[in-house]
Amino acid sequence: MKALKKTSSAGGTSGHRHVPERTCVACHEVKPKRELVRLVCGAGGVVEVDTLGRKPGRGAYLCHSPECWHKGVNKGKLEHALRSRLSAESRAGLMKFAGEIRDSEAASSRMGGVR
Ligand SMILES: [Zn+2]
């Protein structure tokens with residue numbers, strides 16, 4: 001794992017091919033696309049996690065931070081980004097996914113308490 005320190009001026013890091021970057025709609029950090037999770041507002045206004053990145057529809061991205069998922073899902077960031085209302089069903093599905101991310105990310109350092 002590489003720990004990226006955020007420096008405001010992007011220096012001359014050589015050897016870096018162009019990596020597609022996306023912005024997390026909650027914290028607005030720009031990250032390589034594969035470090036973000038794509039969410040799509042599909043037909044019928046259902047917002048789903050698009051793990052393969054192939055679903056049609058308006059997309060938005062969230063990073064793996066549980067906080068961002070909370071902000072995105074519960075604080076309206078996603079609704080704003082997707083210009084769509086989140087149904088209770090969508091919300092539940094997304095929070096479930098968020099919980100799974102947290103579990104896999106926190107496999108080594110398990111911290112309970114947040115639900
Ligand atoms: Zn984020």
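E67 belongs to helix α1, where helices (H or I, at least four residues) and strands (E, at least two) are DSSP runs numbered from the N terminus. Its C-alpha atom is separated by 8.4 Å from that of A26, 41 residues away along the chain.

## Basis of the description

The model is predicted: local features need pLDDT of at least 70 and side-chain atom pairs count only at pLDDT 80 or more, whereas totals for chains, interfaces and linings use all residues. Residue numbers start from 1 along each chain as its sequence is written.

## Overall architecture

Five strands and three helices make up the secondary structure of the protein chain. Their order from the N terminus is β-β-β-β-β-α-α-α. The chain has 115 residues, of which 22% count as buried. Two residues are in contact if their C-beta atoms, placed from the backbone, lie within 7 Å. Of the contacts between residues at least 6 apart in sequence, 50% join residues at least 24 apart.

## The three-stranded sheet

Three strands form an open sheet in the order β4-β3-β5, with antiparallel pairing; two strands pair if DSSP finds at least two bridges between them. β4 (47-50) and β5 (58-63) are the edge strands, each pairing on one side only. On average, neighbouring strands of the sheet are turned by 35° against each other, direction ignored.

Strand β3 (residues 36-41) runs antiparallel to β4 and is joined to it by four bridges. C41 has V47 of β4 as its bridge partner, and R38 is partnered by D50 of β4. The two strands form a hairpin with five residues between them, and G44 in the turn has a positive phi of about 85°.

## The nonpolar core

A nonpolar core is a set of buried Ala, Val, Leu, Ile, Met, Phe, Trp, Tyr and Cys residues joined through C-beta atoms within 7 Å. The largest such core has 21 residues, and C24, V25, V47, A60, Y61, L62 and L78 touch the most other members. At least two residues of this core come from each of β3, β5, α1 (66-74), α2 (77-82) and α3 (88-105). Not counting residues up to four places away in sequence, A60 touches V25, L39, L78, A81 and L82.

## Packing of α1 against α3

Helices α1 and α3 pack at an angle of about 175°, with their axes 10 Å apart; axes are lines fitted to C-alpha atoms, for helices over the stretch in contact, and angles run from 0 to 180 degrees between N-to-C directions. The two helices are therefore roughly antiparallel to each other, a term for angles over 145 degrees, while those under 35 count as roughly parallel, 65 to 115 as roughly perpendicular and the rest as oblique. P66, W69 and V73 of α1 meet R91, L94, M95, A98 and R102 of α3 in this contact.

W69 of helix α1 counts as buried because it has 25 C-beta neighbours inside 10 Å. Leaving aside neighbours within four places in sequence, W69 is in contact with L62, L94 and A98. Between W69 and C24, 45 residues apart in sequence, the C-alpha to C-alpha separation is 9.8 Å.

Definitions and conventions. A residue is buried if 20 or more other C-beta atoms lie within 10 Å of its own, exposed if 12 or fewer, and partly exposed in between; C-beta atoms are placed from the backbone.
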